[in-house]
2 protein chains.
Amino acid sequence: MTVESYTLKEAMIYSQRIAQLSKALWKAVEKDWQQWIKPFNLNINEHHILWIAYHLQGASISDVARFGVMHVSTAFNFSKKLEERGLLKFSKRDDDKRNTYVELTPKGAELVLRMYDHYLDTEHSILEGSLALKELYGRFPEFLDVMAIIRNIYGEDFIEIFERSFKNFKESIEEKDKDQVVIKNEILMNK
Amino acid sequence: MTVESYTLKEAMIYSQRIAQLSKALWKAVEKDWQQWIKPFNLNINEHHILWIAYHLQGASISDVARFGVMHVSTAFNFSKKLEERGLLKFSKRDDDKRNTYVELTPKGAELVLRMYDHYLDTEHSILEGSLALKELYGRFPEFLDVMAIIRNIYGEDFIEIFERSFKNFKESIEEKDKDQVVIKNEILMNK
């Protein structure tokens, strides 16, 4: 146990800085994400639900809500819409009668994978905005400070689910042999 | 000029990681921000407009929109509401007849400052979630990689305005002698 002290001034400046940075970052992410998924007639919550259900190989509605950072009612209502479109199905598990689970139908799984074939059809400002860092560090940034804060706020299991879903995501696109495709980008340095 | 290459796989994994991290971060920021400003009957856009107009010592509607990362119509409509409440006033500048400017009324300025007296009335999960990093590094994290990406997406002048508003913010709270107040937090290490 340790005692940490900081001034109210420091705290307010820090928290307003992260608030405004995080708003600007999220608005750019949101725009990229919306443009990519719009041709598939999905909104961000719907795509996020499909993504989670796919990469966790089935998930309870409360897992979807928690990991997708949305209300349980939002997770449930959008899951219903996805079910109506034949992309998702609801189920109960024998070992957990209380929770409702969702998993993708073959049509839903096919859609999730097919969307990656169209990843480059739209602009990804975040990706372009990160290329100079990739150039500098030899890899894309990992945002370890942001990860640490999210771990403290949402809990260790949030990060575990996060990493598990990305492990599965990585494997699913490896199967598609996507890594054969090399993109070249010309970056005008000192622009 | 340099040629940068990366695989589509790398790009997709990176951009989905930052998308989901940024969503989780923003949702936590949004909740903290809303809880703090709710007693003052403001929403995030309204508070952001007041903040920008205050710390830039007057701003055009298009500056507010750009720097607040909101549509021009959103900036205009919420500014109108703030004007109706007597917190903000519209004006034209002699050297720039085309743009509409907003600046705070004395009542608006008083509100912006008074809100800081109530900063600790509500929970700030982001701040609490950052204390372990503060402990480790001796200072709050600066998110330089996020800043670099935002600079690339929104432009150098976005960052300049950002830093200018924070400089003014810092001075305005120094005047209030807020840094006399020291907060002590007990952190249970290895929890």
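**View 1. Phe143(A) is buried, at 4% relative accessibility.** Buried means under 20% relative accessible area, exposed over 50% and partly exposed in between, with a 1.4 Å probe and protein chains only. Phe143(A) sits in the loop between helix 6 (125-137) and helix 7 (144-154) of chain A. Here, helices (H or I, at least four residues) and strands (E, at least two) are DSSP runs, numbered from the N terminus. Phe143(A) has a positive phi of about 50°, although it is not a glycine. Most residues other than glycine have a negative phi. This is a predicted model, in which local features need pLDDT of at least 70, side-chain atom pairs count only at pLDDT 80 or more, and totals for chains, interfaces and linings use all residues; side-chain values use heavy atoms, leaving out hydrogens and water. Residues are numbered from 1 along each chain as its sequence is written, while chains are lettered from A and ligands numbered from 1 in the order in which they are written.

**View 2. Gln57(A) is another non-glycine residue with a positive phi, of about 50°.** Look for Gln57(A) in the loop between helix 2 (44-55) and strand 2 (59-60) of chain A. With a relative accessible area of 62%, Gln57(A) is exposed.

**View 3. Helix 7 of chain A carries a set of buried residues.** They are Asp145(A), Val146(A), Met147(A), Ala148(A), Ile149(A), Ile150(A) and Tyr154(A). What do these residues pack against? In chain A, their partners are helix 1, helix 3 (61-67) and helix 8 (156-175); in chain B, they are helix 1 (8-37), helix 6 (125-137) and helix 7. Contact, in these legends, means heavy atoms within 4.5 Å. Just after helix 7 of chain A comes Gly155(A), with a positive phi of about 100°.

**View 4. Helix 1 (residues 8-37) of chain A packs against helix 7 (residues 144-154) of chain B.** Their axes are 10 Å apart and meet at an angle of about 50°; axes are lines fitted to C-alpha atoms, for helices over the stretch in contact, and angles run from 0 to 180 degrees between N-to-C directions. Helix 1 of chain A is therefore oblique to helix 7 of chain B, as angles under 35 degrees count as roughly parallel, over 145 as roughly antiparallel, 65 to 115 as roughly perpendicular and the rest as oblique. The crossing of helix 1 of chain A with helix 7 of chain B is left-handed, that is, the near helix is turned anticlockwise from the far one by less than a right angle. On the chain A side, the contact is made by Arg17(A), Leu21(A), Ala24(A), Leu25(A), Lys27(A) and Ala28(A). Helix 7 of chain B brings Val146(B), Met147(B), Ile150(B), Ile153(B) and Tyr154(B). Sorted by class, this contact has 9 nonpolar, no polar and 2 charged residues. Ala, Val, Leu, Ile, Met, Phe, Trp, Tyr, Cys and Pro count as nonpolar, Asp, Glu, Lys and Arg as charged, and the others, Gly among them, as polar.

**View 5. In chain B, 3 strands form an open antiparallel sheet in the order 2-4-3.** Strand 2 and strand 3 of chain B stand at the edges, each with a single partner strand, so one side of each has no neighbour in the sheet. Two strands pair if DSSP finds at least two bridges between them. Strand 2 (residues 59-60) and strand 4 (residues 96-104) of chain B are joined by 2 bridges, and Ala59(B) stands opposite Val102(B). Strand 3 (residues 88-93) of chain B pairs with strand 4 over 6 bridges. In this pairing, Lys89(B) partners Glu103(B) and Ser91(B) partners Tyr101(B). With 2 residues between them, strand 3 and strand 4 of chain B form a hairpin.

**View 6. Thr105(B) lies in the loop between strand 4 and helix 5 (106-117) of chain B.** Is Thr105(B) buried or exposed? Thr105(B) counts as buried, with 13% relative accessibility. Setting aside neighbours within four places in sequence, Thr105(B) contacts Gly86(B), Leu87(B), Leu88(B) and Lys89(B).
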